Amino acid sequence: MAKNLVPLETYVQGASDIARRAEDALEKSSIPNSIGLIGLGKMGGNIARRLGAQGWRVSGYDTNALHIKDLEESGMKGASTIKELVENLPEPRILWLMVPAGEMLDNILFGEHGLSDTLRPSDIIIDGGNSMY
């Protein structure tokens, strides 16, 4: 069983107050305008580019070094390990995962040197893949 799991609020389709509550929470918080992306392929890479264009400071990690290099040319800060990516981000950290469900995602979250070993309870993970987390 994984450690440090926090239950998340479940999205209810058609709930009109979700976006308003999220905006209110961000306005009242000290969340920095920095984000880390894991998975910089077609979808993750384009998310990184769009966030950068909107003024976010983007750091990224991918197992494919060419994806990292491509996005570094766009101004993103690349990381060669998950640990380095986490260390590049101010607290509370925001990490957006764009990897497929299965063993790859499980290793990123709970494997040796995974996020569960590095993050703190105040950090935020956005799972943009097709997993059940």
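Predicted model: local features only at pLDDT ≥ 70, side-chain atom pairs only at ≥ 80, totals over all residues.
**Helix α2**

Helix α2 covers residues 42-53. Its 12 residues, at 1.5 Å a residue, should span 16 Å, and the end C-alpha atoms lie 17 Å apart, which agrees. Within α2, the buried residues are G44, G45, I47, A48 and L51. These residues sit on the same side of α2, because the arc they cover around the axis is only 160°. K42, M43, R50 and A53, on the other side of α2, are exposed. The partners against which the buried residues of α2 pack are listed below.

| Element packed against the buried residues of α2 | Residues |
|---|---|
| β1 | 34-38 |
| β2 | 57-61 |
| α3 | 65-72 |
| β4 | 94-97 |

Just after α2 comes G55, with a positive phi of about 95°.

**Nonpolar cores**

In soluble globular proteins, nonpolar side chains tend to be buried together. In this model, the largest nonpolar core contains 15 residues. I38, I82, L95, L97, I108 and L115 have the most contacts inside this core. At least two of the core's residues come from each of α4 (82-87), β4 and α5 (103-110).

Which residues does I108 contact, leaving aside its neighbours within four places in sequence? They are I38, I82, L97, V99, G114 and L115.

Key. Residues numbered from 1 in each chain as written. Heavy atoms only, no water. Helix = DSSP H or I, 4+ residues; strand = E, 2+ residues; numbered from the N terminus. Expected span 1.5 Å × (residues − 1). Buried < 20%, exposed > 50% of the residue type's maximum accessible area, 1.4 Å probe, protein only. Arc of directions from axis to C-beta. Contact = heavy atoms within 4.5 Å. Core = buried A, V, L, I, M, F, W, Y, C linked by side-chain atoms within 4.5 Å.
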